[in-house]
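Visitor: I am new to this structure, and I would like to learn how to read its features. Could you take me through some of them?

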Amino acid sequence: MIEAKGLRKVYGAKTAVDGISFTVQPGKVTGFLGPNGAGKSTTMRMIMGLDRPTSGDVTINGLHYSQHKAPLHQVGALLDAKAVHTSRSAYNHLRAMAATHGIPNARVDEVIEMTGLTAVAKKKAGGFSLGMGQRLGIANALLGDPQTLILDEPVNGLDPEGVQWVRNLARYLAGQGKTIFISSHLMSEMAQTADHLIVIGRGKIIADTSVDSLIESQSRKRTLVRTSETTRLSELLARDGVRVEQNERETLEVYGVEPIRIGQLALDNRVLVYELTPLTSSLEEAYFQLTKDEVEYHSHISGGPAAPGGPGASAVPDGASPAGVAANSSATMEGIQS
Ligand SMILES: Nc1ncnc2c1ncn2[C@@H]1O[C@H](COP(=O)(O)OP(=O)(O)OP(=O)(O)O)[C@@H](O)[C@H]1O
């Protein structure tokens with residue numbers, strides 16, 4: 001279980017994460033959803049002890065990352081693994097990592113198999129495609145058979161088969177009772193993978209709910225009504241203060257009331273209705289509604305957003321990534337190996 005309480009991270013003048021509290025439960029896939037710059041990666045880095053919170057606290061199974069005696073068995077993470085630059089083969093990289101943590105080679109074979117890397121395991125990881133790099137990052141995260149898995153945008157740049165694979169893996173591991181926390185800026189992806197969603201915008205939590213409840217809470221209640229007496233039914237509804245729109249002939253869209261109320265009103269007034277269909281927003285619409293004021297715009301004209309390590313960044317020594325964390329800098333990857 002991951003528990004964050006009042007978690008906050010300020011970089012200079014920028015509040016990346018603004019006092020958020022949430023719990024990520026075992027046995028579920030929890031999606032961490034938000035537009036670019038919302039604070040997802042910063043939160044995940046704080047969970048993994050890579051960034052020190054400005055205030056607040058976050059624990060994994062009751063302890064800070066650094067307090068765990070065998071962290072690799074507690075939590076594995078793939079953080080921002082866009083590329084893996086190493087001259088070692090995937091196999092040797094994982095073996096070196098396993099050796100430093102007393103993990104048997106048999107587990108290396110297992111994770112290579114699980115992540116579909118068998119055919120390329122002896123090849124240099126530096127030459128891997130994006131998808132293979134992601135798989136290696138996930139293999140790395142799975143090495144200690146951790147109870148908790150944290151994946152930051154794991155499907156970015158993957159082909160449909162890779163996306164499906166990550167989805168199945170997440171669901172399989174959650175089914176085994178593990179805590180799975182996955183970030184994404186794509187609602188469509190999360191809707192198919194997650195049981196629960198934590199939505200973040202500009203460093204603040206804007207929803208912490210099940211996928212179904214999110215749709216329910218965001219969708220404006222609308223009913224499609226087909227009747228040959230649109231004018232009469234519109235007048236009857238309007239008399240009750242109900243908003244009605246006529247889009248096509250014999251078709252009304254009625255807002256904010258249950259279909260049964262419309263049906264009853266029609267029946268009481270002997271108006272023939274031949275269709276009453278509740279309309280719900282898609283999850284994508286619900287997400288857009290929720291985050292439309294929270295999107296952060298960056299100018300990329302003069303160098304883009306502040307680079308990590310910029311003013312006010314917390315001091316994490318180069319190559320000091322905790323074991324079990326895959327990252328996209330070669331320095332960090334080598335730091336893990338050594
Ligand atoms: N080291 C840093 N120094 C200064 N600002 C930072 C640093 N790291 C992140 N930020 C800023 O904090 C905010 C949150 O960034 P973060 O990377 O956590 O968002 P995100 O939700 O993961 O976004 P994305 O989907 O684009 O990766 C952004 O405005 C970002 O520019």
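Guide: We will look at the nonpolar cores and then at one helix. This is a predicted model, in which local features need pLDDT of at least 70 and side-chain atom pairs count only at pLDDT 80 or more, while totals for chains, interfaces and linings use all residues. Residues are numbered from 1 along each chain as its sequence is written.

Visitor: Which residues have the most contacts inside the largest nonpolar core?

Guide: In soluble globular proteins, nonpolar side chains tend to be buried together. A nonpolar core is a set of buried Ala, Val, Leu, Ile, Met, Phe, Trp, Tyr and Cys residues joined through C-beta atoms within 7 Å; buried means that 20 or more other C-beta atoms lie within 10 Å of a residue's own, exposed means 12 or fewer, and C-beta atoms are placed from the backbone. Here the largest core has 71 residues, and those with the most contacts inside it are Ile47, Leu94, Ala139, Leu143 and Ile150. Another core, of seven residues, lies apart from it and includes Val225 and Leu252.

Visitor: Which residues of helix H4 are buried, and where do they lie on the helix?

Guide: An α-helix has 3.6 residues a turn, so residues three or four places apart point the same way. In H4, a DSSP run (H or I, at least four residues) spanning residues 105-114, the buried residues are Val108, Val111 and Ile112. Seen down the axis of H4, they fall within an arc of 105° (taken from the directions from the axis to the C-beta atoms), so they line one face of the helix. The face turned away from that buried side carries the exposed residues Ala106 and Glu113.

Definitions and conventions
Helix = DSSP H or I, 4+ residues; strand = E, 2+ residues; numbered from the N terminus.
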